[in-house]
Amino acid sequence: MTNPHQNVSFPSNGRTAHGYLATPSGSGPGVVVIQEWWGLTDHVADVVDRLAAEGFVALAPDLYGGRTTHDGKEAARLMQALPVDRAARDLAGAVDFLLGHEQVSGSSVGVVGFCMGGKFAIVLGAQQGERVGAVVPFYGLPSVAETDFSGLTAPMLCHFGEYDRTISVDAVGELRDKVQQQSPVRPQIYFYPAGHAFFNDQNPASYHEDSARTAWPRTLDFLRRHLT
């Protein structure tokens, strides 16, 4: 499926990347929004629009080069072709783009990611150091054993579902422990009475309205406190 949400281009890891950008009426902090494994879907673009309406300059890089899918097997193939570390290096271009944007205020950006994007958000924060000022993963967990968190300086707000069959409470605890061992960051972690992808209001099978409505203002408050 072709993705209609491409309206900016920027250099990234020696290539030209594309993405969907939304801006507020004036200046504001920059936020990178990282897609689920489905691609840069309408849901991700809606998150970008919602952030812009709240005063942020938000950019969702298109990691799949214009492709989106609703098929789980194809999504898995597309995700597997994007190793976490390489994708995070690619996403560094999005950080550069926002920090150089005329409407972006401040010397660091926030990163918000969902599922696959949540993994990338955590690793991007670890790789980019002080250029990232806030990390907010929704139900995303990188390989804790393989990730180096020693470069992480950004505060971290994590949203997970209690009934997520892909991410256990113990695995989240391992993430918290290693982050605290290797960096000065003390992750703020919330569990919600929901499963995986509870924030995706365009997926009725996973969406949990009460959890999503609780997580969103927490996210906005966190971004405002650490980026402004």
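Reply: Let us start with neighbours in sequence, keeping in mind that this is a predicted model: the side chains of aspartate 177 and arginine 176 meet in a salt bridge, with N to O at 3.2 Å. Aspartate 177 is partly exposed at 33% relative accessibility, and arginine 176 is likewise partly exposed, with a relative accessible area of 34%.

Me: How many salt bridges does the rule give in total?

Reply: The rule asks for a side-chain nitrogen of Lys or Arg within 4 Å of a carboxyl oxygen of Asp or Glu, and by this rule the count comes to 6 salt bridges.

Me: How should I read a pair whose partners sit in one helix?

Reply: The general idea is that an α-helix has 3.6 residues a turn, so residues three or four places apart point the same way. Here, glutamate 209 forms a salt bridge with arginine 213, the closest N and O atoms being 2.8 Å apart, and because the two are 4 residues apart in helix H6 (residues 209-227), about one helical turn separates them. Glutamate 209 is partly exposed at 38% relative accessibility, whereas arginine 213, with a relative accessible area of 59%, is exposed.

Me: Which parts does the salt bridge between aspartate 96 and arginine 131 tie together?

Reply: Those two side chains meet with N to O at 2.6 Å. Aspartate 96 belongs to helix H3 (residues 84-99) and arginine 131 to the loop between H4 and strand S6 (132-138), so the pair ties together parts that are 35 residues apart in sequence. Aspartate 96 counts as partly exposed at 43% relative accessibility, and arginine 131 is partly exposed at 28%.

Technical notes:
Residues are numbered from 1 along each chain as its sequence is written. This is a predicted model: local features need pLDDT of at least 70, side-chain atom pairs count only at pLDDT 80 or more; totals for chains, interfaces and linings use all residues. Side-chain values use heavy atoms; hydrogens and water are left out. Buried means under 20% relative accessible area, exposed over 50%, partly exposed in between (1.4 Å probe, protein chains only).
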